Amino acid sequence: MSEAPKQIRVTVTHTLPGRLRLCLSHPPQKADKTEHMVMSHPGVMSVVYNGPTMNLLILYDPGKIAVEEIILRVALCLSVDYRLKPIFIKTSDINTPLGTMSILSGLSLLVAHTLSIFSVKPNPLSALHIICGLATTVAVSEHIFLDLKDKGRFHPEVLSIGYLLSSFLRGKVLKGATTAWIMTFARHLLEPPAKVLKLEAAASDPSCDAHRCEYEAKISRKLTTQGGTLGVLSHLPNLLLGMYTDMQLTAEDRIFKEIQKLSVEHNDVLEGLEHLQRGIRLQVES
């Protein structure tokens, strides 16, 4: 088998009580073996892998097994198939992050409005206003591109670019740029930063037999915000909201909380796969 690329993902694409669909970024080494290993837990009624779509459909009894445990079992199977590489678990919900230009244009608008407060005779077509208008035009265009790239479509909010362009003709660039920025980007300031769960598996005994090995699994939660410091600043309002309201706003947060609960209930041990007798030691970061 060829060596796997750097990031291997398990994406939760659909979940209902008793029904779970996962999309794998890489195919299992042996699909029938993966199906059997997931099926080995009581409560899992059927596991079907679709090769062309790399989807895994699992039917289960919610009274006997939690959906989070199924996700962990699939991720562990995939990690073992790919020589214990880390597995990243995420949901299919995609939030297009604020790009660098949207943040910079927002800062330029803030500066322009601050200066206009202290200006005796504001010039509606000043160089700074023109810069704000051009920067916001580029920012909205960038957002359209990111939407099309990530989702294959764009949100109607970006149609504000038409209002922005017409503001150049009306001589009200700062007003047009400000309105377009708010219409396009304001709601993103309250969106939670994208997160992903990371499973890192290790063999308890590195020399163990591949068919009868015991593993330890560490689960952690990672931010996937891009753009460095600017990327963090774009989510600052939401981070502050979460800090003071103790709200967990992403699907990954909810899955992580359930995994923490699962770990406590099982005394930090996940039931083993197939022939494993002692189970899998489960470490969940706080």
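Predicted model: local features only at pLDDT ≥ 70, side-chain atom pairs only at ≥ 80, totals over all residues.

Buried residues, in turn, make up 41% of the 286 residues in the protein chain.

## Strand 4 and its partners

The protein chain contains nine helices and nine strands. Among the strands, strand 4 (residues 55-60) is mostly covered, since five of its six residues are buried. Strand 4 runs antiparallel to strand 2 (residues 19-24), to which five bridges join it, and it also runs antiparallel to strand 3 (residues 44-50), here through six bridges.

L57 in strand 4 illustrates both pairings: R21 stands opposite L57, and V48 likewise stands opposite L57. Strand 3 and strand 4 form a hairpin with four residues between them, and in the turn M54 has a positive phi of about 55°.

## The nonpolar cores

The largest nonpolar core has 40 residues, and those with the most contacts inside this core are L20, L22, I58, I70, I71, L72 and L199. Helix 2 (residues 67-81) gives the most to this core, contributing nine residues. Apart from this core lies another one of twelve residues, which include L109, C132, V140 and L164.

What does I70 touch, if residues up to four places away in sequence are not counted? Its partners under that condition are L20, V38, I58, Y60 and I65.

## V67 in helix 2

V67 is found in helix 2, and its relative accessible area of 17% is under the 20% limit, so V67 is buried. When its neighbours within four places in sequence are left aside, V67 is in contact with T15, L20 and Y60. The C-alpha atoms of V67 and G18 are separated by 8.3 Å, although these two residues are 49 residues apart along the chain.

For the protein chain overall, among contacts with a separation of 6 or more, 67% are accounted for by residues 24 or more positions apart.

## The salt bridge

Side chains of opposite charge can pair when their charged atoms come close. The structure holds one salt bridge, in which the side chains of K198 and E200 meet at 3.8 Å, taken from N to O. That distance is within the 4 Å limit, and the pair therefore counts as a salt bridge.

Are the two partners buried or partly exposed? K198, at 19% relative accessibility, counts as buried, because its value is under 20%. E200 has a relative accessible area of 28% and is therefore partly exposed.

Notes
Residues numbered from 1 in each chain as written. Heavy atoms only, no water. Core = buried A, V, L, I, M, F, W, Y, C linked by side-chain atoms within 4.5 Å. Buried < 20%, exposed > 50% of the residue type's maximum accessible area, 1.4 Å probe, protein only. Helix = DSSP H or I, 4+ residues; strand = E, 2+ residues; numbered from the N terminus. Contact = heavy atoms within 4.5 Å. Pairing = 2+ DSSP bridges.
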